[in-house]
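Okay, thanks for coming, everyone. I'd like to walk you through a few packing details today, so let me put the structure up.

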Amino acid sequence: MPVIESVVCTFCGSLCDDLRVTVEQNRVLKVGGACALGRQKVFHDCEPTAVWSVEGMVVDMGTAMEEAARVLSSARFPLVYGLSTVSTEAQREAVALAELLGGTVDTTSSHCHGPSTMARQQAGLPTCTLGEVRNRADLIIFWGCNPMESSPRHLARYSAMAKGSAVTGRGQRRVVVVDVRPTPTAKAADEFIQIDAGRDYEAFTLLRSLIQGKAVPEDVTTTGSAGVPFERWARLAALMKGCRYGVAFFGMGLTMSGGREANLELLLTTVAELNAFTRFYAIPMRGHSNVAGSENVLAWLTGYPFAVNFSRGYPRYGPGEFTVVDLLERGDVDACLVVGADPAAHLPRRCVKHLESIPVVLVDPHVTLTTPLARVTIPVAAGGVGAEGTFYRMDNVPLRAAALVESRLPTDEEVIRTIRERITRAQDR
Amino acid sequence: MLKIANGRVYDPANGLEGVLKDVFVERGRVVEPPPQSDEWEVLDAAGLYVTPGAIDIHTHIAGPKVTSGRILRPEDHYGHPVPRTGFSRSGTGHTIPTISVTGNRYAAMGYTTVFEASIAPLKARHLHEEFHDLPLVDKGCYVLMGNNYFVMKGVAQGQKALLQEYTGWLLQAAGGYAIKVVNPGGVEGWKWNSEKVQLDTPVPPFNVTPRQILLALAEANEGLGLPHALHVHANDIGRAGNCTTLLETMKALEGRRAHFTHIQFHSYGITKKGGFRSGAEPIAGFLNEHPEFTVDVGQVMFGPATAMTADSPLQFRLRGLTGNKWSNADVEMESGSGVVPLVYRRNNLVNAVQWATGLELLLLIGDPWRVFITTDHPNGGPFTCYPRVIRLLMEPGFRREVLEGLSPRARRLTSLASLDRAYTFQEVIIATRAGPARALGLATKGHLGVGADADVTIYRPQGDVEEMFQRPAYVLKGGQVVAREGEAVAGGEGRTLLAGVNGCERLPGSLRAEFEAYYSVRLDNYPVEPEYIPCREVIACG
């Protein structure tokens, strides 16, 4: 049976590229080498469940596209939103569409790692690729993230358990987890520091002081910090300063808890300062398969990584102003194109309520929680299964995902381009 | 079919300097004057200077490092919005403009070919994707190899043939044009937290020295017959006294083809007290006697800049010097990189000396065919500063005026005040197109002879040199007018220039096991697929 080797899995930000997929007569029979999430993703994406529809009625492709173009072009403040699970080819089209509409483009980043990116704009981001972690890192910290469950192969392929050139296995690495509760990742660690929720900033302040050799007030040395005894922080600071190549992975435990970008700014500053003593880097644990790509594409096209508005004919950046949650909560948006996201499942109730009140065009392979509130639904071939395309791993390494089966459906890229071309033609008339 | 009529043609490669001559263009190329040209469309160039399109031999405009800089620096974009027009995308940015703005600004300034100077092969797909959104200009890229695991291992084991095969494969895999070396061994040293790496410092894990890496890559470059020489960013950038390192590096490569890049940043002397001074004289003296070498200058201009290079240790040092934010990206098996925002200030002594050093080099190196005008965009300042650099070279009076506004100490620490040379228009044309085209081995660019690409920049002579070079009257790309009076007036994508390496289609078998063991991607998924470079022009290796 024909086996496709080195298949890129487009489920999470790890983009494992070593899957072996058996395909016969345009059907996937077996997915080898993937985690449970990746395997399910491939099977699930073989059979897109969405249909062409307008107001709940099944229609032909042309009618759905025409209605999508009409809805978006007649809006005064349209939003193009999502983009975290589609190819960069589709992302480039989406930005072009938002530009043409004079609308806003925002990604799932804005309610995920957006604060990390804002912190990066304040403090910079000293980082490295996942292969460097595998080859060199002798200290790995997972702070506010749980890859054992979100990116199940991360520890084996890239981090804790991986065999590298200079660091050849688990025995040569120290693994520390900092989180508010025990997680499966914590169980795989050498040390687990259970921190009080919302007190990360305090912990970073202490770590930074310790690393800089500054004096620490006595009440902190006696009572500890963030619910953790002082000695444990002192030991962690010593580990960080004493390692040869340290890497801190950080997740939504930091970006979406109290302090948000302030937490990250302090973490990134601490990491930068550690480089006076040793090599130390930080990597945001990006969740979706191409959310890293969306930031790159938006930046090379507009200069900004998310929350970009084109209403003046040029890109403007406005986290808090042009970010999806804020736009929907205020009720600013009067039409929305959703691509590669499921806002009804992930956004606050108030935002979903506003989405229910405006025309929504949903481009997605599947029926999702957003489907019932969409005016137009457009099914597409899933990237990495029914369609090929480029995806950026959490460390910004781009990979080409091939199509495994031939799909009767268009790609996200083709759909968005078609909508854009229809609107351009209508404007020219 | 276009006749560029009655212009004064400056085409140094064909020995023309201000000759009244018509240039005929058909299907994107310069052609022989036809017997009958009555039916040809005419572009009236009477009173104008007709030159080949300019070529930027070293710039940083696209790819992971540049986009990382864009994300890092929203403050670079806020005040510089560019609205969309009927044919061009909107964008933003001053020192690191968005990709569409970059292409339009280059073309509007008369540049028709540009080379992105560093790409780590693992991330090359990003560069080629972004190139699709770069309008108007032809482009190519240089592939980082000076800190590559397999290169260093090959050097340690003395496997010359294998190294040549590997470098050829890597160049192809990344869709590159030339081999680039950045701080050879020094970036690997950074990853091991080693002290400063000098030309003969053994670097872990294979204990090879930068000298060995340079020699091996220069040899591989020659063995492959690549159109461009080995493109070298030497060790020890930015430090007082580093002109000794550059001299040693050039001596190490004596007799071979090499291009030394942004040498301004490598041409510093040291005062008795350990301070910063120009070291341009010995460097220029050496280069004047070594016709095998070409250089670009990396001129520093006062104002904002963004330091971005694959030289990670330099960027961390800049963080320490400026206190500014710092991004870094180590790339497994291959390279590193870093980004730091900068401002060059007139009242900063070191910045003033840097500014003067660059001009000294441009004036002291006699042969314009071998010294090229760059700012190492955006490291010394954005490429939009080129017209001002040219004015500084053409007008000694203007140069003196700026110099007099600087600290008197800066004047004592350089020899600029004593230099009276003024570049002629023809010399500027050599240093910005004819010379770079020759150094890059581009037979159809940098001149207007029969068979040349019809990339033509037409200037309106005037008293204001800066204005003349900022806003050419016409810019033609492939025979089409793409810019007028300093504004882009067309869209469309240029070609990607690739080096036509032969016989290196696969990674040598003996390296495969290690590749699979230490890279975080499979070998199958490593080379940039042809889909990413649909519009390509392969330049044959000689």
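One term before anything else: when I say contact, I mean heavy atoms within 4.5 Å. This is a predicted model, so local features need pLDDT of at least 70, side-chain atom pairs count only at pLDDT 80 or more, and totals for chains, interfaces and linings use all residues. Residues are numbered from 1 along each chain as its sequence is written, chains are lettered from A and ligands numbered from 1 in the order in which they are written, and side-chain values use heavy atoms, with hydrogens and water left out.

Let's start with B:Asn351. Which residues does B:Asn351 touch, not counting those up to four places away in sequence? They are B:Val300, B:Phe302, B:Val343, B:Tyr344 and B:Arg345. B:Asn351 is buried, with a relative accessible area of 8%; buried means under 20% with a 1.4 Å probe, protein chains only. Its C-alpha atom is separated by 12 Å from that of B:Thr414, 63 residues apart along the chain.

B:Asn351 lies in helix 11 of chain B; helices here are DSSP runs of H or I, at least four residues, strands are E runs of at least two, and both are numbered from the N terminus. Helix 11 (residues 349-364) of chain B packs with helix 9 (residues 280-288) of chain B at about 25 degrees, their axes 9 Å apart. The axes are lines fitted to C-alpha atoms over the stretch in contact, and angles run from 0 to 180 degrees between N-to-C directions. Angles under 35 degrees count as roughly parallel, so that is what we call helix 9 and helix 11 of chain B. On the helix 9 side of chain B, the residues that meet helix 11 include B:Ile283 and B:Ala284, and on the helix 11 side they include B:Leu361 and B:Leu364.

Helix 9 also turns up among the partners of helix 8 in chain B: the buried residues of helix 8 pack against helix 7, helix 9 and strands 13, 14 and 16 of chain B. Helix 8 (residues 243-252) of chain B is mostly covered, with 7 of its 10 residues buried.

Over to chain A. Leaving aside neighbours within four places in sequence, A:Glu67 is in contact with A:Val54, A:Arg375 and A:Val376.

Definitions and conventions: Parallel < 35°, antiparallel > 145°, perpendicular 65-115°, else oblique. Buried < 20%, exposed > 50% of the residue type's maximum accessible area, 1.4 Å probe, protein only.
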